[in-house]
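This briefing concerns the protein model shown below. Please read the points that follow alongside the sequence and the coordinates.

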Amino acid sequence: MLLDISEILDDPDFIQTVEFGIVTQSSTGTGEPLETEVRSSHENTNVQPASGATLQRLPEGERTKDVQQVFTKKEFPIKNGDYMYFNNLKYRCITTEDWTQYGYSDSIFIRYEGSQDITSEGFDPFA
């Protein structure tokens, strides 16, 4: 049986305030999808380096990257594709698991930068 860890996510010894970029999808007049990001801070967050067992849940090519496991209270929904800004680095959520019956959500974030960013103008090989 798993434990309800929601009390830990209220304990200042275990949590920090983290800024997240919540991504929403909309459509332009041309029918193209448009991704926008709204930043939001969340106080009850625990961020820690991903364990070996957590890394095993990832595709092989992703296991060598900077990976963080993030626990948030169930009231703060994170979904795949959302961003996290932590220690002056940007991460993107690649998987999230709903453990609300135990008081939390478990997400995996991978460091995200450069031409992958939604604000990037892409890579120009002729520049």
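Which residues does Leu89 touch, not counting residues up to four places away in sequence? They are Asp66, Met84 and Arg111, where contact means heavy atoms within 4.5 Å. The model is predicted, so local features need pLDDT of at least 70 and side-chain atom pairs count only at pLDDT 80 or more, while totals for chains, interfaces and linings use all residues. Residues are numbered from 1 along each chain as its sequence is written, and side-chain values use heavy atoms, with hydrogens and water left out.

**Overall architecture**

- The protein chain contains one helix and six strands; helices (H or I, at least four residues) and strands (E, at least two) are DSSP runs, numbered from the N terminus.
- Along the sequence, these elements follow the order β-β-α-β-β-β-β.
- Of the 127 residues in the protein chain, 35% count as buried; buried means under 20% relative accessible area, exposed over 50%, and partly exposed in between, with a 1.4 Å probe and protein chains only.
- The accessible surface of the protein chain is about 8000 Å², and carbon and sulfur atoms account for 51% of that area; accessible areas come from the Shrake-Rupley method with a 1.4 Å probe, and for residues only the protein chains shown count as cover.
- Of the contacts between residues at least 6 apart in sequence, 56% join residues at least 24 apart.

**Strands β4 and β5**

- Strand β4 spans residues 83-86 and is covered on both faces: Tyr83 and Tyr85 are buried on one side, and Met84 and Phe86 are buried on the other.
- β4 pairs with β5 in the antiparallel sense over four bridges; two strands pair if DSSP finds at least two bridges between them.
- Within this pairing, Met84 has Tyr91 of β5 as its bridge partner.
- The two strands form a hairpin with two residues between them, and Asn87 in the turn has a positive phi of about 55 degrees.

**Leu89**

- Leu89 belongs to strand β5, which covers residues 89-99.
- Leu89 counts as partly exposed because its relative accessibility is 24%.
- Arg111, one of the residues that Leu89 touches, is 22 residues away in sequence and 7.2 Å away in space, C-alpha to C-alpha.

**Thr72**

- Thr72 is located in strand β3, residues 67-73.
- Thr72 counts as buried because its relative accessible area is 0%.
- Leaving aside neighbours within four places in sequence, the contacts of Thr72 include Leu9, Phe20, His42, Ile78 and Tyr104.
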